[in-house]
Amino acid sequence: MPDHRELAAVFVGGALGAAARAALSTLTVPDPGRWPWPTFIVNIVGAFLVGYFTTRLLERLPLSSYRRPLLGTGLCGGLTTFSTMQVETLKMIEHGDWGLAASYTVISIMVGMLAVQLATALVRRVRVRR
């Protein structure tokens, strides 16, 4: 039997994340010959938030049934957009910008991983009050 409150938490978080991503994507018009800043920014921010929420929720806060689905699965899942990154990369390749496509892919993955590590390290630096 599904937990309807958990599903609602994922839905609400996903709606908030998708709305934030959509708002940011309206700031620029995509051009396959240029760096796709809106997608890059939301993916890096999302990676940072995943690292932050995962570490904080698992290591620093009391166990909750709804925080992780709301913030991790919902908010970060709605905010980040790997599928858009793939489409943008394919458009760069179709446009003949192989170097841009390769650098966008590699840099996105590397900076995303660094963002997760940074967020995790920042959460772990804060002393836990007892």
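Colleague: How many salt bridges does the count come to?
Modeller: A salt bridge is a side-chain nitrogen of Lys or Arg within 4 Å of a carboxyl oxygen of Asp or Glu. By this rule the count is 1.

Colleague: What are the conventions here?
Modeller: The model is predicted: local features need pLDDT of at least 70 and side-chain atom pairs pLDDT 80 or more, while totals for chains, interfaces and linings use all residues. Residues are numbered from 1 along each chain as its sequence is written, and side-chain values use heavy atoms, leaving out hydrogens and water.

Colleague: Which residue forms a salt bridge with arginine 124?
Modeller: Helices are DSSP runs (H or I, at least four residues), numbered from the N terminus. Arginine 124 lies in helix α5 and its partner in helix α2, 65 residues apart. The closest N and O atoms are 2.5 Å apart, and the partner is glutamate 59.

Colleague: Why does glutamate 59 count as partly exposed?
Modeller: Buried means under 20% relative accessible area, exposed over 50%, and partly exposed in between (1.4 Å probe, protein chains only). Glutamate 59 counts as partly exposed because its relative accessibility is 37%.

Colleague: How far does helix α2 reach from its first C-alpha to its last?
Modeller: Helix α2 covers residues 37–59, 23 residues in total.

Colleague: Which helices do the buried residues of α2 pack against?
Modeller: The buried residues of α2 include Phe40, Ile44, Phe53 and Leu57. They pack against α1 (4–25), α3 (67–79), α4 (82–94) and α5 (98–125).

Conventions:
Helices (H or I, at least four residues) and strands (E, at least two) are DSSP runs, numbered from the N terminus. The expected span of a helix is 1.5 Å times one less than its number of residues. Contact means heavy atoms within 4.5 Å.
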